[in-house]
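Q: Could we go through a structure together, starting with its pocket and then turning to its aromatic rings?
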Amino acid sequence: MEIEQSKVFLEIIDIKEIGEGMRVCIDFIDVLQQSDGLYVGNTGHGYIKVLSENRQSDGYPPRPFRINCGSYHQYLFQEDKSIYLHEVDAGNQIEVTGEQDNKSLSVGRVKIEKRPFLRVECKNGDSIVSATLQKSTSVHVVEESKGDTSIIDLNVGDRIACMEDMPGRHLGEKIDEFIIEK
């Protein structure tokens, strides 16, 4: 069964601190633009676009090669096959989404450290699109009216860039099967 993904702005319905865990930063071997990002999410219902660290933030200099993807367990959306963040290795080719187009870039390093997390949930019809992201001023998403916004400055009711999808994967490949993910 072929499933079409759609890129939309979805309304945040909940933001909550959920404690510490393992955070994954992907460092690329090339310069990223401010609009470059990756779609990550807790479930196959959809993903939230996390932007590159190609901007100054409180306490952090720009890191134009990095995307802080959030928690270790999450899906990383790729056109041909979703993968878990813990599966990404140096040398992998990862598709990065820009403002106008996508590009495939090589990973130079994967940096994993223990950090505090926020769970961001957005409403998607009858389901929830969510991501577990590091609670940091350096983590940015695209808010519909504010533009690039630190996760720290998000509020319930804001609308952020997401990609809707349908759950159902086996080893990252889409399958047509009954599945419940929360």
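This is a predicted model: local features need pLDDT of at least 70, side-chain atom pairs count only at pLDDT 80 or more; totals for chains, interfaces and linings use all residues.
Q: How do the residues of the lining of the largest pocket divide?
A: There are 7 nonpolar, 6 polar and 5 charged residues in that lining.
Q: And what volume does the largest pocket have?
A: Its volume is about 260 Å³. Of the 18 lining residues, Tyr39, Lys49, Gly98, Val142 and Ala161 are the closest to the centre. A pocket here is an open set of points on a 1 Å grid over the protein atoms alone, where a 1.4 Å probe fits, with protein on both sides within 12 Å along at least five of seven lines; lining residues have an atom within 4 Å of a point. The volume is the space filled by probe spheres set on the points, which are joined across faces, edges and corners.
Q: Changing topic, how many aromatic pairs are there?
A: The structure holds 2, where rings of Phe, Tyr and Trp (its six-membered ring) pair if their centres lie within 6.5 Å, and planes under 30 degrees apart count as stacked, over 60 as edge-to-face and the rest as tilted. Tyr47 and Phe77 form a tilted pair, 5.3 Å centre to centre with 45° between the planes.
Q: Is Tyr47 buried or exposed?
A: Tyr47 is buried, at 0% relative accessible area (buried means under 20%, exposed over 50%, partly exposed in between, with a 1.4 Å probe and protein chains only). Phe77, at 7%, also counts as buried.

Conventions. Residues are numbered from 1 along each chain as its sequence is written. Side-chain values use heavy atoms; hydrogens and water are left out. Ala, Val, Leu, Ile, Met, Phe, Trp, Tyr, Cys and Pro count as nonpolar, Asp, Glu, Lys and Arg as charged, and the others, Gly among them, as polar.
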